Amino acid sequence: MSTRTPTRTHPAPDALALLGGAPAVTRPLPHEVWPPPAGEAELAELARQRDTDISIKGSSGPVKALEEAFLGFLDHGARWAVTFNSGTSALLAAYFALGVREGVEVVGPALTYHAALSPVFALRGDVVLADIDPVTRCLDPRALEAAITERTKVVTLVHQWGHPGDVDAVLGLAHKYGLKVVEDCSHAHGSRYRGRPVGTFGDAAVFSLQANKAVYAGEGGVLVTSDARVHDRATLLGHYRDRSREEVTDAALRAHWVTGFGLKLRISPFNAIVARHALAAFPARMAGRHRCLRHLGELLADVPYLEPVRVADHVDMGAWYGYKPLYRPEALGGVDRRVLIAALRAEGLETGAPSGPRLGTLPLYTAPENPLFPGVPKRPSGPMPGSHAEHVERHALSLPTFTDWPGDRPLIEEYAAGFRKIARHADALVRYAAGEGRPTAHPQPA
Ligand SMILES: Cc1ncc(COP(=O)(O)O)c(C=O)c1O
């Protein structure tokens, strides 16, 4: 009887980590650490606020300070900034202020975060989805024009993932058809279109200050406008008593100051303090982020199965919320995106698919009547097969928005090495995806 043990094949050191090779990225997760830790001044101010005033009823103290700083951040291109307890609340107030109600349609992009448009349903209005532009990933003006009906009163331009939408074209159509424009700048703090800050073009604009955002409060939102009536109605919806009494200018509206319009949606002073410090740190942090993401983009430019993030010449990416190149499966043997993501994760990269599905796949949007108000009819939206929205949803990859320059530089270079390694081992990945030498089905990224 032979005493030889069976020979085991060891993967080559450069093999895909999925197949037992060494991972390309050596730094342990997480790679995206956001929001950054608080500095001493911020912590001291939070502590002082705790012992002086923990509920601000009007516009004063840290709430007023944040709103003033926000207007400065927008080059004073808008007259008022009104804070709310979330971006979603600020959007509700914006739609309310612009007259959304039963029988009114709002046109918005088919692929974005749902809360950009979902508050419309709480006002009994309806949302009509239009396709996105493949370069900006924002509302496509041609699709917008095709979606307009005599019920359309508002268009929502979301500056998706920090890239400003086609402001000139959207404003032109709004003028032609008598529409109001809401800019959702929740991904686009500091982004500029032809040199001017986003948020200063529409009848109302909203910035979420939720924790992932470049200017973060934890939870919070800001509505900005230069329209006195929008300001008054939005204030009255979310800020009854002191703030409405002090700030609503229209006498008929101010008569409601005690009750407002029934909701209390104000930001807490603590969140306002956090956001103001984030705003102060924004220019230096974003300079770092731009250097990081430019470097990443240059390094990924020759990865054959990636379509790099494109930035139009006339825009400034500001916060650059998320780095999301598109996957080209045809350049990687047709491997499913889930398999690519599993291979990237095995290499130690913090990658995934962007979280939001097309809005036309969500029950709130597909329903034939308003689920909040049974009996209120709406136009059912659908998934729009063959659309750019579908293509981007199915092919986008989400990477960390590196911010620390030069601290993240070695990590960025390891990420690029990880992407290139997969290109070199495309054949092995194709065999893996076909199930060769592997007992389990396709891995399912979370
Ligand atoms: C485009 C967009 N609009 C609105 C919101 C809602 O903001 P919030 O989470 O502050 O309510 C978000 C949040 O991620 C968003 O991404």
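Leaving out neighbours up to four places off in sequence, Thr 249 touches Ala 228 and Asp 232 (two residues are in contact if their C-beta atoms, placed from the backbone, lie within 7 Å). That is our way into this predicted model, where local features need pLDDT of at least 70, side-chain atom pairs count only at pLDDT 80 or more, and totals for chains, interfaces and linings use all residues. Residue numbers start from 1 along each chain as its sequence is written. Helices (H or I, at least four residues) and strands (E, at least two) are DSSP runs, numbered from the N terminus.

- Thr 249 sits in the loop between α8 (242-247) and α9 (251-254).
- From Thr 249 to Val 392, which is 143 residues away along the chain, the C-alpha atoms are 44 Å apart.
- Pro 308 belongs to the loop between β10 (306-307) and β11 (315-316).
- With 15 other C-beta atoms within 10 Å, Pro 308 comes out as partly exposed.
- Setting aside residues up to four places away in sequence, Pro 308 touches Gly 297, Leu 300, Ala 301 and Pro 325.

**Helix pairs**

Here, axes are lines fitted to C-alpha atoms, for helices over the stretch in contact, and angles run from 0 to 180 degrees between N-to-C directions. Angles under 35 degrees count as roughly parallel, over 145 as roughly antiparallel, 65 to 115 as roughly perpendicular and the rest as oblique. A crossing is right-handed if the near helix is turned clockwise from the far one by less than a right angle, and left-handed if anticlockwise. For residue classes, Ala, Val, Leu, Ile, Met, Phe, Trp, Tyr, Cys and Pro count as nonpolar, Asp, Glu, Lys and Arg as charged, and the others, Gly among them, as polar.

- Helix α1 (residues 40-52) and helix α10 (residues 269-300) have axes that come within 10 Å and cross at roughly 160°, so α1 is roughly antiparallel to α10.
- On the α1 side, Glu 42, Glu 45, Leu 46 and Gln 49 meet Pro 269, Phe 270, Ile 273, Val 274 and His 277 of α10; that contact splits into five nonpolar, two polar and two charged residues.
- α10 also packs against helix α14 (residues 409-424), at an angle of about 25° and with the axes 10 Å apart, so α10 and α14 are roughly parallel to each other.
- In that pairing, Cys 292, His 295, Leu 296, Leu 299 and Leu 300 of α10 meet Arg 409, Ile 412, Glu 413, Tyr 415, Ala 416 and Phe 419 of α14, giving eight nonpolar, one polar and two charged residues.
- For helix α3 (residues 87-97) and helix α7 (residues 228-238), the axes come within 8 Å and cross at roughly 130°, which means that α3 is oblique to α7.
- The α3 and α7 crossing is right-handed, and its residues divide into seven nonpolar, two polar and one charged.

**Around the ligand**

- The ligand has 14 residues around it, and the closest are Ser 86, Gly 87, Thr 88, Tyr 113 and Ser 208 (a residue is near a molecule or strand if its C-beta atom, placed from the backbone, lies within 6 Å of it).
- Sorted by class, this shell holds four nonpolar, nine polar and one charged residues.

- Leu 29 and Pro 30 are joined by a cis peptide bond, with omega about 0°, and Pro 30 is in the segment before α1.
- Another cis peptide bond links Trp 405 to Pro 406, with omega about 5°; Pro 406 lies in the loop between α13 (388-395) and α14.
- Asp 75 is not a glycine, yet has a positive phi of about 55°; this residue is in the loop between α2 (61-73) and β1 (80-84) and counts as exposed, with 12 C-beta neighbours inside 10 Å.
- Trp 320, not a glycine either, has a positive phi of about 50°; Trp 320 lies in the loop between β11 and β12 (326-327) and is buried, with 27 other C-beta atoms within 10 Å.

Notes
A residue is buried if 20 or more other C-beta atoms lie within 10 Å of its own, exposed if 12 or fewer, and partly exposed in between; C-beta atoms are placed from the backbone.
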